[in-house]
Amino acid sequence: MAVNLVNVEAVSKVYGTRALLDGVSLGVNEGDRIGVVGRNGDGKTTLIRMLAKLEEADTGRVTHSGGLRLGVLTQHDSLDPAATVRHEVIGDLADHEWAGNAKIRDVLTGLFGGLDLPGFTDGLDTVIGPLSGGERRRIALAKLLIDEQDLLVLDEPTNHLDVEGIAWLAAHLASRRSALVCVTHDRWFLDQVCTRMWDVQRGDVYEYEGGYSDYVFARAERERRAATEETKRQNLVRKELAWLRRGAPARTSKPRFRIEAANELIADVPPPRDTSELMRFASARLGKTVFDLEDVTVSAGPKTLIEHLTWQLGPGDRVGLVGVNGAGKTTLLRAMAAAARGDGEEQPEKGRIKVGKTVKLAYLSQEVAELDPDLRVLEAVQQVRERVDLGKGRELTAGQLCETFGFGKEKQWTPVGDLSGGERRRLQILRLLMDEPNVLFLDEPTNDLDIETLTQLEDLLDGWPGSMVVISHDRFFVERTTDRVFALLGDRALRMLPRGIDEYVERRRAREQATAAPASAAAKPAATSAKEDRERQKELQRIERRLDRIATEEAKLHERIAAHATDFEKVAGLDAELRALVGEKDELELRWLELAE
């Protein structure tokens, strides 16, 4: 029987006149891997902060099991700005101690790309104060993952990680023994890591078994059975379910929900988009030429990022652009956008970018454009246009498009200055689409957007006729909205990847292994004698047997602690036994790793 780690009983939380959580009861057990989803502002972060006892509930109570080792990643870190990365992440360990620890090596390589922290001016001795928010967040995450916990509570852990970093984090969390509660809008990550879902909606929390794919199916079923009047929202969920069942070729693992029921539910749902029809419509709007790049070289300061690039973005092309941080993705889009603004006259330092005469570009950058904070949401959209033509006879008013993007009638009269970061991001995308562009450049469009808004944006882009380039670390969004994937692998070249992002991750892994192989060969110690090898093998086996016994003893101690939860003196004694056992286990695991290597 799984040991209960955290219990939430009839918890309520009110902000102003709004009840974020209303009588919520939940539990987290050993081995649980829970993904938390819901709209921005519906209480996801509040729920996990109360779960971790970082915030008090108005009513109800939250209880932790005795001796719970809890690790929390919040939106704001508590790192000492005067400290170095070494001090915060590794502490007082000597170089030979932490370098001999396989877990520390894995975390540093996975989150920073190497033990010497490439990208940080002084490596591990870099002072934290001047670092960016994204760099600080990776340091806080590394510090957390190096420690041992019974429960990890993570708020948006994939923010500021690239595709490879997210893939590493998913594999790392899946292999850990600790339980997990995680808030994220990255749907691929949820499917890889989670086995249960909590959906926070209007004060309630709905529980679902399985990962994100299972959750989408179960939610569509629930909404159909309830026969709600939210037809639009229900159709969006069914459309996303159809994508999950029929979707990207790179999606190799079959969803775990019942195939027959899923097929029945989506029998009348068309494919996400009619590609051939959209191509014809885009050609009519754009002509034959959109962007032609001939022998182009792109630089950032003294560093050459891309050279001798000959590439074409044609009418109706929907391209996903991935690559390592600093490889030139954003710089390439900026060069193309500059050429478009200059009517083809503004060119890169080498080569030429030819821009079609009919191109009307909308560029969503990573920076949120500043708007007059006193403007109302609807007024900010009407400033651009009163009505928008989305193609194929679809025309929406400014108010209707606002509602599509989650700005209800009341929210449309909210001043821009009162919006959250995610809401401002939504408004920025909304204003871009309102201007009726025929070419879209989207640089990290999923930042700060909740899953429901992402599905609405994807649904809108499905029928949008034009050319599009998407830069995103959100694998699901890239697969869902684009037809081809190109990659910048850090070698100054742009490559098409027929198998999409899976192929990108494989290529990057192969490059890293090829780079690491010579270093490993150089560092390999001299061959040991056969007798020494046998002795080490025997010691390995002894350690493995003792670790098995420790695991059994640990489980029994946890059960006894749970059984005597109200006897504080007894629990303190058992907790001391448990800590001694964990200390022995850590020493044995370290010795095992040394012998295995």
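User: How do you know that the side chains of Asp-150 and Arg-69 meet in a salt bridge?

Analyst: A salt bridge is defined as a side-chain nitrogen of Lys or Arg within 4 Å of a carboxyl oxygen of Asp or Glu, and the N to O distance here is 3.0 Å, so the pair qualifies. It links distant parts of the chain, 81 residues apart, with Asp-150 in the loop between α5 (133-146) and β6 (151-155) and Arg-69 in the loop between β4 (59-64) and β5 (70-73). The model is predicted, so local features need pLDDT of at least 70 and side-chain atom pairs count only at pLDDT 80 or more, whereas totals for chains, interfaces and linings use all residues. Residues are numbered from 1 along each chain as its sequence is written, and side-chain values use heavy atoms, leaving out hydrogens and water.

User: Why is Asp-150 called buried, and what makes Arg-69 partly exposed?

Analyst: Buried means under 20% relative accessible area and exposed means over 50%, with partly exposed in between (1.4 Å probe, protein chains only). Asp-150 has 14% and is therefore buried, while Arg-69, at 27%, is therefore partly exposed.

User: What makes Arg-86 and Asp-125 a salt bridge, and which parts does the pair tie together?

Analyst: The closest N and O atoms of Arg-86 and Asp-125 are 3.0 Å apart, which meets the salt-bridge criterion. Arg-86 lies in helix α2 (residues 85-89) and Asp-125 in the loop between α4 (102-112) and α5, so the pair ties together parts that are 39 residues apart in sequence. Helices here are DSSP runs of H or I with at least four residues, and strands are runs of E with at least two, numbered from the N terminus.

User: How do you know that α15 is mostly covered, and what is its span set against?

Analyst: In α15 (residues 421-434), 11 of the 14 residues are buried, among them Gly-422, Glu-423 and Arg-425. The expected span is 1.5 Å times one less than the number of residues, and the helix reaches 20 Å from its first C-alpha to its last, close to the 20 Å expected.

User: Why do Lys-531, Arg-534, Lys-538, Arg-542, Arg-545 and Arg-549 count as a patch of positive charge?

Analyst: A patch takes residues with over 30% relative accessible area and no salt bridge, joining like charges within 9 Å and nonpolar side chains (Val, Leu, Ile, Met, Phe, Trp, Tyr) within 5 Å. Lys and Arg count as positive, and these six residues gather on the surface. Arg-549, found in helix α19 (residues 530-563), has 46% relative accessibility and so counts as partly exposed.

Methods:
Accessible areas come from the Shrake-Rupley method with a 1.4 Å probe; for residues, only the protein chains shown count as cover. The place of a charge is taken as NZ of Lys, CZ of Arg, CG of Asp or CD of Glu.
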